[in-house]
Amino acid sequence: MPTTPTVEIVDVSPELAERWLAKNPNNRNIRKAVIDGYARDMTTGNWVLNGETLKFDTAGRLIDGQHRLSAVIVAHTTVPMIVVRGVDETVMDTVDAGAKRTYADALKLQGEENTTTLAAVARRAVMWSKGARTNTGAVRPTPREMNAFLETHPSIRTSADAAVRLASRTLLPASVVGLCHWLFADLDTDDADWFLARIADGDGVPSNSPVAALRNRIVKMRVSGGRVNETEALALVIYAWNAHRRGETRNKLQMPKGGLTPENFPEPR
């Protein structure tokens, strides 16, 4: 190992990644969702050289890059990476210590509006498209995946705008309002706008309507817990929407016995 830092671009194969990971005895815990996201970008050709580096100290130990190297192995592909060798052994506590740029930050640099909400809605939309109904972190979309999704589904911007207008008055998380608007508008744009607006203001809503039942349930959730669980809130809004679309009355909304599962999670109709 050099005693002063050197930099080069290396095509990292799965075999090379395994060898380098063996030089990583005392690093942080692995986050599977991060590895899976990197691996998806690698297999789809979305992985790019963005200036981030793999780092080895003067003793040859890997001190930064275990998730990226693990993703190379998962993806079974070779990708270029910038490699820095000869980093001082005492600098580990400064690696990744800065403020991490969020996807909302990236959207702002791209000239988007309502970036915090747009990022949240895009994330949930990508998760939904991949079959993830619960907000557990099992599927963690990458910025490249979300950008690609925005490009092919520009209506997400309209749904994010709706969430900005309505979320605080619905007492629901903006990500839930935006995702529901996007899903419902695909079925009926005018009805989606009406339905979410009535959740927000309750204007002219009969006491036995699904919208009224949903509003009452949200208030109870807020009173009892102070905040609304995203997964439960998403399911409740979809239950109310489906009942509304069928023209049904509701005095209350109920969850499935035993709780929500991927198998019984409601789908908008």
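Reader: Before we start, what does "exposed" mean for a residue here?
Author: A residue is called exposed when its relative accessible area is over 50%, and buried when that area is under 20%. Please note that the model is predicted.

Reader: So is Val223 buried or exposed?
Author: Val223 is exposed, because its relative accessible area is 70%. Val223 belongs to helix H10, which covers residues 210-225.

Reader: Changing topic: where is Thr53, and is it buried or exposed?
Author: Thr53 is in strand E2, residues 53-57. Thr53 is buried, since its relative accessible area is 13%.

Reader: What does Thr53 touch?
Author: Leaving aside residues up to four places away in sequence, Thr53 touches Asp64, Arg68, Ile82 and Val84.

Reader: Now helix H9. What span should H9 have?
Author: Helix H9 has 13 residues (189-201), so at 1.5 Å a residue it should span 18 Å. The end C-alpha atoms of H9 are 19 Å apart, which agrees.

Reader: And which residue caps the N-terminal end of H9?
Author: Asp188 does, with a side-chain oxygen 3.2 Å from the backbone nitrogen of Asp190. Just after H9, Gly202 has a positive phi of about 70 degrees.

Reader: Which residues of H9 are buried?
Author: The buried residues are Asp191, Ala192, Phe195, Leu196, Ala197, Arg198, Ile199 and Ala200.

Technical notes
Residues numbered from 1 in each chain as written. Predicted model: local features only at pLDDT ≥ 70, side-chain atom pairs only at ≥ 80, totals over all residues. Heavy atoms only, no water. Helix = DSSP H or I, 4+ residues; strand = E, 2+ residues; numbered from the N terminus. Buried < 20%, exposed > 50% of the residue type's maximum accessible area, 1.4 Å probe, protein only. Contact = heavy atoms within 4.5 Å. Expected span 1.5 Å × (residues − 1). Polar contact = N/O pair within 3.5 Å; in protein donor to acceptor, adjacent residues only side chain to side chain.
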